[in-house]
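Colleague: I am new to this one. Can you take me through the terms and show what stands behind each?

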Amino acid sequence: MIKNKKGFIGAIGDDLPSLIPIFVGLVIFFAVFLNVFNDYNAKNKLFNLNQEAVEISMQLKSDPVIIDYDHFMEKCENIKTTKKWNAFLVDLPLDTEQFELISLEKITRSKNSYEDFVFSEIDPNLNNYNYYMCNDNLDEIDIRSHKIINFLYPLTLQRQDGKTSPKRLYIIIWE
Amino acid sequence: MKLIELKKNKGQAAMTDSLFFLTIIVALSVLLFKFSATYGERIDLSINNLYFKEYTNSTLKTIFYTDIPLDFGKNIYSENTFETDYLITALKTDFLPDKKIGASEDISELSDASLPNDRDIAKYNLFHTIKSIMYPLSNYDYIFYLENRNDDEFIYFMLKINELNDNQIESKYFLCNPLSISPVRTLVQNANKIYSSSTPMIFRYTVRGTTDNINAVANLTIWPSSIKINSEYILDEENNLRCKEYTED
């Protein structure tokens, strides 16, 4: 009987070197799996937001002309979604030199900053300004978040004087 | 003797197994990464397509439902005008007596804005309304046309491109008079992606006291600005686009 006990540690000790690649493999697998899982979830959330934004825009643009403030607000109230969202109208001047770009930074700059860019008309009965904006929650947007969808469409609005003019419809949805 | 050799190599089988295991894990991880990188590409593309399709649809509606002044002046920015109507109404009214929009037979002609009471008011308003409504989408080129489907001829054809000059992007606007749709197809083939919307329309016209209809189509096609489509290409006579550039504001 030949006894070879050189280097013998024990039942596990003999297989210890082989445990290292197994351990490394498991670490790699779970790290990649976790990364892919998070990425998959983030993408799905973004697609859901996009889908909601498309549905909101379809409802808001269903009529070729928004005839007045009440018509616009009625459309806003008919939108049912669990997501945080807002939609508002901004002037689209026919004179391109007067065109002003509205960035997300500007939209979220301060609580009442919307008064500078959201289209408004004086309410003849109440003598105050009606802002064409669905919700009053622009200050809740976190500009650093990657989960913000911003859609822009042209739209026609009939003003109080009866004339129709082009406007920009912004739809913002975020998480 | 062989038994001794084997006893010296003990543990190597387990090592080989674990290395195989590691190889399989690495391959699996590569596959997972590949899945992650490509996941949603198609959904993203279809959302993008849907968005721009909706954008062009909305633009067409907005163009035709925008009011223009009917006081025979070209100051379309004036807020003091009393008589206004939808642009589409003005275009149809213009088309009725002579089966064309504007005064000239050449649809790429647009008279000077300083001339009052001329026959190009509806055409002038159409040109500037499209220009301003498409202005927010500044990184995109586009064509807008009205086509008479009965006679296979264009009633109106407008083209806008962006051109890079001295590190500055310059927007250029053209009115064209292509004899057929084929040069237009050749033009848009140079773009990477195109998004397009069309709407059918009916125009009425009068000839020697009798009125008839023509079936027309309004089309707006947009694409991300491409260096392949530049003014040199557009103004090249071999293209048969027969364009003229309009630089007035």
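Predicted model: local features only at pLDDT ≥ 70, side-chain atom pairs only at ≥ 80, totals over all residues.

Colleague: How do the axes of the two helices lie, and at what angle do they cross?

Modeller: Helix H4 of chain B covers residues 87–98, and helix H5 of chain B covers residues 121–133. Their axes come within 9 Å and cross at roughly 145 degrees. The angle is taken between N-to-C directions, on a scale from 0 to 180 degrees.

Colleague: Which residues meet there?

Modeller: From H4(B) come Leu87(B), Ala90(B), Leu91(B) and Asp94(B). They meet Ala122(B), Asn125(B), Leu126(B) and Thr129(B) in H5(B). By class, this contact has five nonpolar, two polar and one charged residues. Asp counts as charged, so Asp94(B) is the charged one.

Colleague: What share of chain A is called buried?

Modeller: Buried residues make up 23% of the 175 residues. The cut-off is 20 or more other C-beta atoms within 10 Å.

Colleague: What elements does chain A have?

Modeller: Four helices and six strands. From the N terminus on, they run α-β-α-β-α-α-β-β-β-β. Among contacts between residues at least 6 apart in sequence, 71% join residues at least 24 apart.

Colleague: Which elements of chain A touch chain B?

Modeller: The contact takes 43 residues from chain A and 47 residues from chain B. Helix H1 (16–60), strand E5 (148–158) and strand E6 (164–174) of chain A each supply at least two residues to the side of chain A. H1(A) gives the largest share, 18 residues. By class, this side of chain A divides into 25 nonpolar, nine polar and nine charged residues.

Colleague: Where in chain A is confidence lowest, and where highest?

Modeller: It is lowest in helix H3 (residues 104–107) of chain A, at a mean of 80. Helix H2 (residues 69–77) of chain A is highest, at 93. The mean pLDDT of chain A is 85, and 90% of its residues reach 70 or more.

How values were computed:
Residues numbered from 1 in each chain as written. Chains lettered and ligands numbered in written order. Contact = placed C-beta atoms within 7 Å. pLDDT = per-residue confidence, 0-100. Buried ≥ 20, exposed ≤ 12 C-beta atoms within 10 Å, placed from the backbone.
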